[in-house]
Structures are given as C-alpha cells and as structure tokens.
Amino acid sequence: MPLQNMNQAAKLSDQDMMNDLLTQEKSLVSSYSTFLCEASCPNLRNVLTQNIQQISQDQYQVFDQMRSRGWYLTEDAPAPKVQQAQQKMQQTKQQLGAF
C-alpha cells in the first residue's frame, strides 16, 4: 500500500479521537483515585487531590463535548431515583460515622 493511502487509512475521525481521549481521562481518574487511597504522606495526598480534581474537570469537558455532539448519549435520572440515592448515601454516611 502506498504511503499516501496508508496515511489516509490511519486518520481517525474527530469522534474516534474524542472517544480515545475520554477513555484516557477516565483511566487517569481511576488511577489517581487508587493512588490517593494508598498515599500516607499528607503532602503527596494534597498533590494527588489537586491533580484528581483537575483531571476530573478535564474528563467532564471531554464528556460534555461528546454529549453535545451526540457522540455520547445519556439519559437524565428521574428525580425520585436521585433523591432515593441521596437518602441511601446519607444513611450510609451516618452509619459509618457511628464507628
């Protein structure tokens, strides 16, 4: 295959590139979350916390761009389900606070 044809075949669409970027951002959020849970040094935990906040914002921006272009379809959760989840998390938090 000539080099020109190979270059054309190797081109990714904007959607493919955004999807790859979103996958990488999700992976970074997961990795930083794991690192944060394992860190015992307060200074390191502070740096990791700042990094995970920035990466989470970056991930959301990519996600939001994909969603706005119709490349990542989502449905809003019904309000009663959201309230139910909030109540359940609050109960769990209260139970854990008793320890």
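Trainee: What is the relative accessible area of Phe63, and is this residue buried or exposed?
Mentor: This is a predicted model, in which local features need a pLDDT of at least 70 and side-chain atom pairs count only at pLDDT 80 or more, while totals for chains, interfaces and linings use all residues. Residues are numbered from 1 along each chain as its sequence is written, and side-chain values use heavy atoms, with hydrogens and water left out. Buried means under 20% relative accessible area, exposed means over 50%, and partly exposed lies in between (1.4 Å probe, protein chains only). Phe63 is therefore buried, with a relative accessible area of 12%.

Trainee: What span does helix H3 reach from its first C-alpha to its last?
Mentor: Helix H3 covers residues 42-68 and has 27 residues. The expected span of a helix is 1.5 Å times one less than its number of residues, and for H3 this expectation is 39 Å. The span in the model is close to that expectation, at 39 Å.

Trainee: Which helix do the buried residues of H3 pack against?
Mentor: The buried residues of H3 are Leu48, Ile52, Ile55, Gln59, Val62, Phe63 and Met66. Taking contact to mean heavy atoms within 4.5 Å, these buried residues pack against residues 14-38, that is, helix H2.

Trainee: Which residues does Gln59 touch, not counting residues up to four places away in sequence?
Mentor: Gln59 is found in helix H3, and Gln59 counts as buried because its relative accessible area is 19%. Leaving aside residues up to four places away in sequence, the residues that Gln59 touches are Leu22, Glu25, Lys26 and Val29.

Trainee: At what angle do the ring planes of Tyr32 and Phe35 stand?
Mentor: Rings of Phe, Tyr and Trp (its six-membered ring) pair if their centres lie within 6.5 Å, and planes under 30 degrees apart count as stacked, over 60 as edge-to-face and the rest as tilted. The structure holds three aromatic pairs, and in one of them Tyr32 and Phe35 are edge-to-face at 6.0 Å centre to centre. These two residues are separated by about one helical turn because they are three residues apart in helix H2.

Trainee: Why are Tyr60 and Phe63 separated by about one helical turn, and how are their rings arranged?
Mentor: Tyr60 and Phe63 are separated by about one helical turn because they are three residues apart in helix H3. Tyr60 is partly exposed at 42% relative accessibility, and ring pairs link Tyr60, Phe63 and Tyr72 into a cluster. The ring centres of Tyr60 and Phe63 lie 5.7 Å apart with the planes at 45°, so the pair is tilted.

Trainee: How many disulfides are counted?
Mentor: A disulfide is a pair of cysteine sulfur atoms within 2.5 Å. Cys37 is exposed, with a relative accessible area of 62%, whereas Cys41 counts as partly exposed at 35%. By the rule on sulfur atoms, the count of disulfides is zero.

Trainee: What share of the residues of the protein chain counts as buried?
Mentor: Residues 24 or more positions apart account for 55% of the contacts in the chain with a separation of 6 or more. Of the 99 residues of the chain, the share that counts as buried is 13%.

How values were computed:
Helices (H or I, at least four residues) and strands (E, at least two) are DSSP runs, numbered from the N terminus.
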